[in-house]
Amino acid sequence: MNEQGKSDRVIVPVKSPNKAGKQPVVEGMEGSALAKGNSSEQNTRRIQGRERVQNALGRVRQVAVREKKLKFTSLMHHIANVDTLREAYFSLKRDAASGVDGMTWKRYGEDLEVYLADLADRLKRGAYRAKPVKRTYIPKADGKQRPLGVPVLEDKIVQYACVMVLNAVYETKFLGFSYGYRPGRSQHKCLDALYVGMLTKKVDWIVDADIRGFFDTIDHGWLVKFIEHRIGDPRVVRLIRKWLKAGVMEQGRWKAVDEGTPQGGVISPLLSNVFLHYVLDLWIQHWRKTQSVGDVIVVRWADDFVIGFQSRTAAERCLAELKKRFEKFGLALHPEKTRLIEFGPYAAANRLRRGQGRPETFDFLGFTHICGKKRSNGMYTVVRRTAKKPMSRKFQEVKAELSRRRHEPVAQQGKWLGSVVGGFIRYHGVPTNAKAIQHFRFQIGRYWHHALRMRGSRKRVTWERMYRLIDRWLPPATVCHPYPLRRMGVIT
């Protein structure tokens, strides 16, 4: 029963479980390959199971849309369901690192139905136990190391199943300017929203904000309270508590964790979005409606967000109040990565009049945003260029990998480099960034040429031959994204 005395198990007409994008989340797995050894019977079972999962989540979503303040008190049966768990299993990465138990995706799939039936039974009986997360570290651009958590495969399966169910509830609640790790929302849609906001609204000041150590400092107590605003099923809340308190294994030793969610956990992005929905999104939405003077735009991707203001006074007041707001919930803005800068159609003229030089720039989602002018009419526009750090980091990765692959056949090297260049162009190929993607392709060609010359072959690799190899294997550097105003106009 819910808080209004009504049952949340309501029989309603079935609709698509996800309206956030062109294709429902679970339907996005249509083309996934089966594990080796799985029969056609299992394939049929999976297709039928997916339809049942879609129908069930569709009913949950419709109730969430209709009852804005309803608490869902009966959701566990959707998670502890073999069909949902099977869909979660096939949604995971096949080659992902294994957790502390060493179980791989392929090995689990060799006896999938038996494993899933046992897992569903343990979830129903409350006998499921979350295992510690294996902690690893990856280097960051500033020389520090970022901790990553690798859960065991079964925890990943249950977490993904939980995310599928909770998305049906929260996707109807999250605000429009939140883009990170949400179905049907990409980084380019987030970048387009920022671009359109800066061009169509009166924005003259930008707060480029970053939360210091966000994923490592999330307060578990507040997070559970936020979850309980909408989720009234104690079994689901208890499940989330198990993952938060499972601890980490580092160098063979178990360590308790009292705050934060492991970066790398399947459910961490959703939990972080729930936390920031209550701490930041609802607050800034209320603030700009009741206290702001002039236009205010907001765009958020996970813990990285940008706020645009018409007046400097409003920007400074909002930033000061935001710091106090974060302190209440155990968060803090990064002092070095959070800045208030003058950015807009009048920034260049104002700074020139004060003798301060060109307007400052800011980085967001791998792009440096610059105050610029259109070539056609000289009017103000926002120029987006690939940020220096991501490009430099990618160059270092390619050089190291080329050194390792130096003695592979040329065709094999070309195929791999083509995928690298193609991926870079697909992400960074936005208008006003043509020079950057051309530079990237040219540099990759230079690194490849150097690697071929270092193979010790007597026959020298001439640039004439190199150009033929580059043209054959590396995709052309072409802008593949439309202007944001055009794309956003089509979407809306």
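Let me start with a term: helices (H or I, at least four residues) and strands (E, at least two) are DSSP runs, numbered from the N terminus. This is a predicted model, where local features need pLDDT of at least 70, side-chain atom pairs count only at pLDDT 80 or more, and totals for chains, interfaces and linings use all residues. Residues are numbered from 1 along each chain as its sequence is written, and side-chain values use heavy atoms, with hydrogens and water left out.

First, the overview. The protein chain has 18 helices and 11 strands. Of its 492 residues, 50% count as buried. Buried means under 20% relative accessible area, exposed means over 50%, and partly exposed is in between (1.4 Å probe, protein chains only). Contact means heavy atoms within 4.5 Å. Take the contacts in the chain with a separation of 6 or more: residues 24 or more positions apart account for 73% of them.

Now one residue. Arg52 sits in helix H1, residues 40–66. Is Arg52 buried, exposed or partly exposed? Its relative accessibility is 43%, so Arg52 counts as partly exposed. Set aside the neighbours within four places in sequence, and Arg52 is in contact with Arg45 and Asp83. Thr84 is 32 residues from Arg52 in sequence, yet their C-alpha atoms are 8.7 Å apart in space.

Next, helix H5, residues 112–125. The expected span of a helix is 1.5 Å times one less than its number of residues. For the 14 residues of H5 that gives 20 Å, and the end C-alpha atoms are 20 Å apart, so the two agree. Which residues of H5 are buried? They are Leu112, Leu116, Leu119, Ala120, Arg122 and Leu123. These cover an arc of only 160° around the axis, which puts them on the same side of H5. The arc is that of the directions from the helix axis to the C-beta atoms. On the other side of H5, Val114, Lys124 and Arg125 are exposed. Just after the helix comes Gly126, with a positive phi of about 80°.

Helix H10, residues 234–244, has its own buried set: Val236, Val237, Leu239, Ile240, Trp243 and Leu244. They fall within an arc of 155° seen down the axis, so they line one face of H10. What do they pack against? Helix H2 (76–79), H5, helix H6 (153–170), helix H9 (220–230) and helix H11 (268–290).

On a 1 Å grid over the protein atoms alone, a cavity is a set of points where a 1.4 Å probe fits but cannot get out; a pocket is an open set with protein on both sides within 12 Å along at least five of seven lines; lining residues have an atom within 4 Å of a point. Grid points are joined across faces, edges and corners, and a volume is the space filled by probe spheres set on the points.

There are 3 cavities of 30 Å³ or more. The largest cavity has a volume of about 100 Å³. Its lining holds 14 residues, and Val133, Gln159, Trp243, Pro262 and Ile267 lie nearest the centre. H6, H10 and H11 each give two or more residues to that lining.

The second largest pocket has a volume of about 690 Å³. Among its 24 lining residues, Lys373, Thr381, Val383, Arg385 and Thr432 are the closest to its centre. Strand E10 gives the most to this lining, with 4 residues.
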